[in-house]
Amino acid sequence: MAHLNGATVVLLDGPMGAGKTTLVRAVAAEMGVTDAVSSPTYGLVHEYRTAMGAPVYHMDLYRVEAEAELAALDLFAYFDSGHLCLVEWPQRLGETALHALPPAAHLTLEVTTATSRRLRLRT
């Protein structure tokens, strides 16, 4: 978390099966989340609580197809909350929304073999 340079929005990019949700599970566990962490593909946003009671928001935008859907979700209320937001499939936000985000870290997961990944972090 120290490498995020204060960013509270983390954009997780990578192909299907790259391990985005697995990474979210590991981050949540490190923060003391005891709830089962699963992909919010159908609910789009899951909220977890850290050991200190702070919320962690996990978003999966894979199914989002239109800006109207994003507007209905009011995602910027989460992004502007100052709490950690982990966003899978961030490209679904569209360029305008991506440029309007608060400071964000962009983490790309690249599948290198069936059992290994390369992570690239840009802040």
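Colleague: How many bridges join strand β1 (residues 9-13) to β4?

Modeller: Four bridges join β1 to β4, and the two strands run parallel. Strands (E, at least two residues) and helices (H or I, at least four) are DSSP runs, numbered from the N terminus; two strands pair if DSSP finds at least two bridges between them. Within these bridges, Leu-12 has Glu-88 of β4 as its partner. The model is predicted: local features need pLDDT of at least 70 and side-chain atom pairs 80 or more, while totals for chains, interfaces and linings use all residues. Residues are numbered from 1 along each chain as its sequence is written, and side-chain values use heavy atoms, without hydrogens or water.

Colleague: Which residue of β4 is the bridge partner of Tyr-57?

Modeller: The partner of Tyr-57 is Cys-85. Strand β3 (residues 55-60) runs parallel to β4, joined by five bridges.

Colleague: Are the two faces of β4 covered or uncovered?

Modeller: In a regular strand, side chains alternate between the two faces of the sheet. In β4, Leu-84, Leu-86 and Glu-88 lie on one side, Cys-85 and Val-87 on the other, and all are buried (under 20% relative accessible area, 1.4 Å probe, protein chains only). Thus five of the five residues in 84-88 are buried.

Colleague: Which residues line the second largest pocket?

Modeller: Rolling a probe the size of a water molecule over the atoms shows where empty space is left. Among the lining residues are Glu-67, Phe-76, Leu-93 and Thr-96. Helices α2 (67-73), α3 (75-79) and α4 (95-100) each give two or more residues, and α2 gives the most, with three. A pocket is an open set of points on a 1 Å grid over the protein atoms alone, where a 1.4 Å probe fits, with protein on both sides within 12 Å along at least five of seven lines; lining residues have an atom within 4 Å of a point.

Methods. Buried means under 20% relative accessible area, exposed over 50%, partly exposed in between (1.4 Å probe, protein chains only).
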